[in-house]
Amino acid sequence: MKILQLILPAVLFLVVPHLSADDTRPYKGKVHAIPGLIEAEHWDEGKAGVAYYDIDEENRGEHYREKTQVDIEKRSDASNGHGIGWTKKGEWLVYSVKVKKSGTYHIEMPVASNKTGGVFHIEMNGKDVTGPITIPDTGSWQTLELITHKNVVLKKGRYQMKVLMDSVGESNSIGDIDYFKFVKQ
Ligand SMILES: [Ca+2]
Ligand SMILES: [Ca+2]
């Protein structure tokens with residue numbers, strides 16, 4: 001028994017994930033499934049610089065979730081009534097995801113931009129899986145248009161999906177994004 005008392009804490013330390021304030025955690029404890037729909041506004045919980053990075057400290061939009069620097073847009077035309085907006089170069093968001101089936105995926109994304117938008121890309125555990133994705137001019141910030149980025153090859157497993165805003169367009173922003181829907185081919 002005594003040896004168990006000595007070994008057990010060590011075993012638990014090794015087995016149980018070490019959560020700290022510096023971790024990024026799935027939004028509301030739920031890992032996003034791929035194939036599936038990931039709401040842009042449901043990036044991970046965690047502090048700035050870990051779960052997200054935003055250029056300005058203020059949330060310029062809707063206070064939809066815990067206090068954050070990310071700019072959340074409330075919009076009636078969006079899935080779940082919200083999306084992200086006011087996107088700037090250098091910003092990023094992390095989403096804990098689980099790819100349930102290896103294969104080729106298309107990513108469907110409703111986006112909006114007044115004038116030509118900017119460029120972003122998506123990484124899985126630090127690896128660029130999409131290359132540059134450009135947000136087109138959808139006519140106005142109020143008009144969502146579904147764009148599809150095709151042929152993204154993913155392997156089964158758990159990942160930290162990171163959406164990185166690379167450069168602004170004519171709109172002086174990257175663009176508004178409602179969700180990322182991964183559709184298996
Ligand atoms: Ca902000
Ligand atoms: Ca949404």
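Okay, let's start with Phe 180. Setting aside residues up to four places away in sequence, Phe 180 touches Gly 36, Leu 37, Ile 38, Ala 40, Tyr 95, Ile 107, Glu 108, Met 109, Phe 120, Ile 122, Met 161 and Val 163. Contact here means heavy atoms within 4.5 Å.

Quick housekeeping. This is a predicted model, where local features need pLDDT of at least 70 and side-chain atom pairs count only at pLDDT 80 or more, while totals for chains, interfaces and linings use all residues. Residues are numbered from 1 along each chain as its sequence is written, chains are lettered from A and ligands numbered from 1 in the order in which they are written, and side-chain values use heavy atoms, with hydrogens and water left out.

Back to Phe 180. The largest nonpolar core has 34 residues, and Phe 180 is among those that touch the most other members, along with Tyr 95, Phe 120, Met 161 and Phe 182. The strands β6 (92-99), β7 (103-112), β8 (119-124), β11 (145-154), β12 (157-167) and β14 each supply at least two residues of this core. By nonpolar core I mean a set of buried Ala, Val, Leu, Ile, Met, Phe, Trp, Tyr and Cys residues joined through side-chain atoms within 4.5 Å. And buried means under 20% relative accessible area, with exposed over 50% and partly exposed in between, using a 1.4 Å probe and protein chains only.

Now the overall picture. The protein has 1 helix and 14 strands; these are DSSP runs, H or I of at least four residues for helices and E of at least two for strands, numbered from the N terminus. Of its 185 residues, 45% count as buried. If you take contacts between residues at least 6 apart in sequence, 71% of them join residues at least 24 apart. The accessible surface comes to about 9,800 Å², and 55% of that belongs to carbon and sulfur atoms; that's the Shrake-Rupley method with a 1.4 Å probe, and for residues only the protein chains shown count as cover.

Asp 54 and Asp 56 are both buried.

Asp 56 has another partner too: its side chain meets that of Arg 60 in a salt bridge, 3.1 Å from N to O. That term covers a side-chain nitrogen of Lys or Arg within 4 Å of a carboxyl oxygen of Asp or Glu. Asp 56 has a relative accessible area of 19% and is buried, whereas Arg 60, at 37%, counts as partly exposed.

Glu 39 sits in strand β2 (residues 36-39) and Asp 178 in the loop between β13 (176-177) and β14 (179-184), so the pair ties together parts 139 residues apart in sequence. Both ends are tucked away: Glu 39 counts as buried at 11% relative accessibility, and Asp 178 does at 2%.

So where does Arg 75 lie? Arg 75 is in the loop between β4 (72-74) and β5 (82-84). Its contacts, leaving aside neighbours within four places in sequence, include His 82, Trp 141 and Asp 176. With Asp 176, Arg 75 forms a salt bridge of 3.2 Å, N to O. Asp 176 lies in strand β13 and Arg 75 in that β4-β5 loop, so this pair ties together parts 101 residues apart in sequence. Asp 176 is buried at 4% relative accessible area, and Arg 75 is buried at 8%. Glu 73, Arg 75, Asp 77 and Asp 176 are linked in a network of salt bridges, and the structure holds 5 salt bridges.

One last stop: Gly 169, in the loop between β12 and β13. Gly 169 is partly exposed at 22% and is in contact with Thr 116, Gly 117 and Gly 118, leaving aside neighbours within four places in sequence.
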